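Open the model in a viewer and keep the sequence beside it.

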Amino acid sequence: MRRISRITVAGAATASLALALSACGGTSTSSGSSESQGDKGLAIAYDVGGKGDQSFNDAAYAGLEQAKKEFGYETADVEPTDGETDADKEQRLVSLAKQGYNPVVGVGYAYAAALKSAAEKYPDTTFGIVDDATIEADNVADLVFNEEQASYLAGVAAAKSTETKTVGFVGGVDIPLIHKFQAGFEQGVKDTDPKVEVISQYLTQTAEEGGFSSPDKGKTAAEGQIEKKADVVYAAAGLSGQGVIEAAAANQVWAIGVDSDQYQQEALAKYKDSILTSATKDVAKAVYNLSKSVEDGKPETGIVRGDLKSGEVGLSDSNPKFADNAELQAAIETAKEKIVSGEIKVKSS
């Protein structure tokens, strides 16, 4: 079990968070003392787009909030900065570990190099990284998902819902992780109805160009696809996906959200009637489970994978028009059963 000591006084919490935030900038100066200040709980360092993206980062924050509520310990969540380097990311993670947070989670594959280095410096701290499986260390958990499986189901939903026989996919950045979303979606569409055309587009080649953090880019891309008769658009683009959803609502076509159940997101409430479903991956559960494993004294390490069988990827059913469509639900359930059984092999590229 985790040691009993907790730092729960509000003033101490504020001071610790200030130290964490000071590590966010583009400097390489350490914050805090050279030794752990206590036995604190979970800390997360956000990916591009930060808290409030209604998607990937917010899902990680939900996991942090669940852990905080259940375990009653101090937590921290720290924003990224524009144009930051791996050294900046490493400094952020090191600062959190130095302050005594355990585990420390980097939200996104961009933390790979930084987290590997930080984990070597703090072998007694458990680190987690979301969406990267390249780090092999005794104190690192690689939290990864079969996003292509959820995206396949999104493709089934799109193919069954389109009236124009044209649907769209908007990827934030042209990288292997997002290729998984595209590959699964396109396969799901074509297996359901080979006559449906899929228009696929990436916003940028690199994250630094704003592919995951620019709603305006997402909106422009979706508008272009809608002009080409797409009446269902699926975005795997982080914060940029908000622009895709906005464009879908303005043009009265369907949007499919990603990562979180975007129908339920408060910031997207005015567009929710246009959100057919979301291809979800339970980042919140992965982050919470890692924290619980540390709390229980048996920290997760190695590759920890969430898939359709475990229930950690799937489709949300918050929209009644989606949930109450019996024909659509039957098609999705059939596809799900075939994926879980292995009859359908979903492509990841």
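Buried means under 20% relative accessible area, exposed over 50%, and partly exposed in between, with a 1.4 Å probe and protein chains only. This is a predicted model, in which local features need pLDDT of at least 70 and side-chain atom pairs count only at pLDDT 80 or more, while totals for chains, interfaces and linings use all residues. Residues are numbered from 1 along each chain as its sequence is written, and side-chain values use heavy atoms, leaving out hydrogens and water.

Select Ser240. Its relative accessibility is 0%, so Ser240 counts as buried. Show its contacts (heavy atoms within 4.5 Å): beyond neighbours within four places in sequence, they include Leu203, Phe212 and Pro215.

Next, select the sheet. Helices (H or I, at least four residues) and strands (E, at least two) are DSSP runs, numbered from the N terminus. Six strands form an open sheet in the order S7-S6-S8-S9-S10-S12, with mixed pairing; strands pair if DSSP finds at least two bridges between them. Strand S7 (197-204) and strand S12 (313-315) are at the edges with a single partner strand each, so one side of each has no neighbour in the sheet.

Now color S8 and S9 (residues 254-259): they run parallel, joined by three bridges. Val233 is opposite Ala255 in S9.

Finish on H6 (residues 176-192). Its buried residues include Phe181, Phe185 and Val189.

Terms used
Expected span 1.5 Å × (residues − 1).
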